[in-house]
Amino acid sequence: MFERPGRFHTGRATGAEDQEWQGVSGTTRHTHNRHKSIFCADDNHREEKQMSDQKKPGISRRDIIKGGAAAAGMVTASSFIPTRFAIGGTAKVKVGILLPYTGTYAKLGTNIKDALQLRINEAGGKLGGREVEYVNIDSEAAPPKAPELTNKLIKKEQVDFLVGPVHSVVGMAMVKLARNNGPITVIPNAGANGLTGKLCAPNIFRTSFSSYQPGFPAGQAMLEDGHKNVVVMYWNYGFGKETAAAFKASFLAGGGNIVKEIPTPFPKVEFQAYLTEVAALKPDAVFTFYAGGGAVKFVKDYAAAGLNKSIPLYGAGFLTEGVTGAQGEAAEGVRTTLHYADTLDLPANHRFREAFLKATGNQADVYAVQGYDAGDLLIQGMAAVDGDVGARAEMIKAMESATIDSPRGKFTFSKAHNPIQDIYLREVVNGQNQVIRTVQKAVEDPAEGCKIG
Amino acid sequence: MESSFYFIQLLNGIQYGFLLFLMASGLTLIFGIMGIINLAHGAFYMIGAYLCYWLTGITGNLFTGILLAIPLSILFGYAVERLAISYLYQRDHLYQVLLTYALILIANELQSILWGNDVHSVPIPELLSGSVQLTENQAYPVYRLFISATCISLAVVMYWVIQKTRLGMTIRAGASNREMVQALGININWLFAVVFSMGAALAAFAGMLAAPVNTVYPGIGDNILIISFVVVVIGGIGSIKGAFIGALLIGLADTFGKVLLPEMASMVVYTLMAAVLFWRPQGLFGKV
């Protein structure tokens, strides 16, 4: 149960236009606080707790008016922060962030968090005119811990927004808890199709991509490059399988032939046996899905086995994203499809990269872009309701129709709340992903199984 | 597929087996001989890899980097043994599990503070950066052959030290009967400190040597921990020879599992372990 009727009710009611009514209502409650019936009507355990708090002597009528309407009921209920005090002052809006700061995905988590905060700081450090309090939790990219950590943010911290995660399986757990009645959630990376497919919900948004998006256009890109017989290799887990499936759909439809499909155990990085197989099969090219440390190892092993000389290597963009420094020479000439490239020649991209470098001392990457856009989406949502998180329906409406002026190029959201975005074909030249061409414009995830919209 | 294909796969399997032995060799000493459940094995491996990356970066050469990193990792192992592990010899295994698990967390955090969370690569020295052409389109990197050669030498040296030298004799004696060795006037504390430091340094050395092929990234040590335990358990606890054979078996099983049973590739190794333990619960070369 994550319904928080009392919360929404109060949040909504504390909007500026309702302040007068609030003051009255709060006072009324106080004077009647020994008449249980009034509180029972409210049907909320938190209210009951507040009621018992109020029984303490020494809270004068004046204190309560001073504290404002919501505070009247909740002076000592520490977990609750009202959206607005009746007289001046603005409560902080709580943004819960669940990202990995340790382990393989540590760098991704850090970049997303930094860029999210950079975007909000650029907007004056406020959301809808309210100060922001970040509640950071290390997800460790560990699926077994995900439900507990998500609950901690939703129930204990009572966050207004949830941002995260990187790992798709953590994302599944998180979205299952947050969808519908939980806080408005923005996913800044996890690409599992299902997050904006079967699991889609009005309060779930994604500013990154679905696995389908970098995968599907890759089939077309490879055919355009003249590769008809292709070996498909990928890490055998959700993300890898979905990317490969999307690739196959367009590649086969365009008349391509898949010589062999080689799923490799995730997250193992011992590829030697498979590379020998690829060498023996002699395909025109290889399409892959690997990421992070695995991507570095794969690309280096591929080059060390001399395969890059005769069999061009392709992949979903993560193969060469944020890791070309570590891959060095081996990555030269590798072609990938993604919704972003460091070298994109767009004013928004130049501006962002400069600001990110200045703020963090690190070069931005696609993960940072996604975090940055998550920040933008929160800003637009909160601006539309003037900081009133209780105006949930209005905020969701504003977020759905938002246009994000992203470093990757402007994008809007699909009915399932996934970006509709251009996919670029990039090639590594001198350690940088250079855009070769835009493979497909406005790629929209089919959002299979999504019931909204 | 032609026979050359299977021949190359055989090479791959043996080479992977050597790499596994390198990874597991430190654990053979600490877990196999001293009987300490050392979950921090992967952490030592990770520290070795990062030290190698760091010192190679400073000195500009992999070999000098490794030569400098080895004494550092021995010192680190010694410090861990003196400050932490030595208090737990008399305790239950559970305490060792808790302590060494804590060491993993501490090491990971240290790594994040000292070296950040980027993925790094360690350059292979000019001398070993070439490759041998195997078929018309596949080559074999010389550095991998170098790793194999190092593993064989290491196995021989370890076997010789444990089986043939006085130090080795005392270690084996200390492992089978601690009190008796003490009664004979041997400083068992010193002995175990030496073994633990050697074990930790071996794990770190494996990390250093594998760094150029594996690349260096956070969590690199987590992946090798389980497979190292599998190697030691299959080989028989306390047997260097067993660990060596076990590592080769797993290397071959893993490689041919991937080729012949691709759908079950990740299960093959564990199935092999289950089969071996069913047949010989003490492992291939373990004493009953």
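This is a predicted model: local features need pLDDT of at least 70, side-chain atom pairs count only at pLDDT 80 or more; totals for chains, interfaces and linings use all residues.
The hairpin of β12(A) and β13(A) has two residues between its strands, and if you want a pair to click on, Ile404(A) sits opposite Phe411(A) in β13(A).

Stay on β13(A) for a moment, as this strand is also joined to β14 (residues 419–429) of chain A, antiparallel again, by two bridges. Here Thr412(A) is opposite Ile420(A) in β14(A). Which residue takes a positive phi in the hairpin of β13(A) and β14(A)? That is His417(A), with phi near 75°, in a hairpin that has five residues between the strands.

As a quick reminder, strands of a sheet pair through backbone hydrogen bonds, and they can do so parallel or antiparallel. So let's move to some parallel pairs.

Strand β9 (residues 285–289) of chain A runs parallel to strand β10 (residues 313–316) of chain A, with three bridges joining them. Val286(A) has Leu313(A) in β10(A) as its bridge partner. How do we get from one strand to the other? Helix α13 (residues 292–304) of chain A, together with β9(A) and β10(A), makes a right-handed β-α-β unit. On we go from β10(A) to strand β11 (residues 335–338) of chain A: these two pair in the parallel sense, also over three bridges, and Gly315(A) has Thr336(A) in β11(A) as its bridge partner.

Next, the open sheet of six strands in chain A. What is the strand order in this sheet? Reading across, we have β2-β3-β1-β4-β5-β6 (chain A), and the pairing is mixed. At the edges are β2 (126–127) and β6 (204–206) of chain A, each pairing on one side only. Further in, β4 (residues 161–163) and β5 (residues 184–187) of chain A run parallel with three bridges between them, and Leu162(A) stands opposite Thr185(A) in β5(A). Lying across β1 (93–99), β4, β5 and β6 of chain A is helix α9 (residues 168–178), which runs at about 165° to β5(A).

Now for chain B, which has 11 helices and two strands. From the N terminus on, the order is α-α-α-α-β-β-α-α-α-α-α-α-α. Why call the overall packing compact? A compact globule of 288 residues would have a radius of gyration near 19 Å, and chain B agrees, with 19 Å. The C-alpha trace of chain B spans about 65 × 50 × 35 Å along its principal axes, and 47% of the 288 residues in chain B are buried.

One residue to look at is Tyr89(B), in the loop between α3 (62–83) and α4 of chain B. Tyr89(B) counts as partly exposed because 14 C-beta neighbours lie inside 10 Å. From Tyr89(B) to Lys258(B) is 169 residues in sequence and 41 Å in space, C-alpha to C-alpha.

Finally, how do the chains meet? There are 31 residues of chain B in contact with 31 residues of chain A. On the chain B side, the largest share, five residues, comes from α1(B). By class, that side of chain B has 13 nonpolar, 16 polar and two charged residues. Thanks, everyone!

Key
Residues are numbered from 1 along each chain as its sequence is written. Chains are lettered from A and ligands numbered from 1 in the order in which they are written. Two strands pair if DSSP finds at least two bridges between them. Helices (H or I, at least four residues) and strands (E, at least two) are DSSP runs, numbered from the N terminus. Two residues are in contact if their C-beta atoms, placed from the backbone, lie within 7 Å. Axes are lines fitted to C-alpha atoms, for helices over the stretch in contact, and angles run from 0 to 180 degrees between N-to-C directions. A crossover is right-handed if, with the strands pointing away from the viewer, the path from the first strand over the helix to the second runs clockwise. Ala, Val, Leu, Ile, Met, Phe, Trp, Tyr, Cys and Pro count as nonpolar, Asp, Glu, Lys and Arg as charged, and the others, Gly among them, as polar. The radius of gyration is taken over C-alpha atoms; the globule rule is 2.2 Å times the number of residues to the power 0.38. A residue is buried if 20 or more other C-beta atoms lie within 10 Å of its own, exposed if 12 or fewer, and partly exposed in between; C-beta atoms are placed from the backbone.
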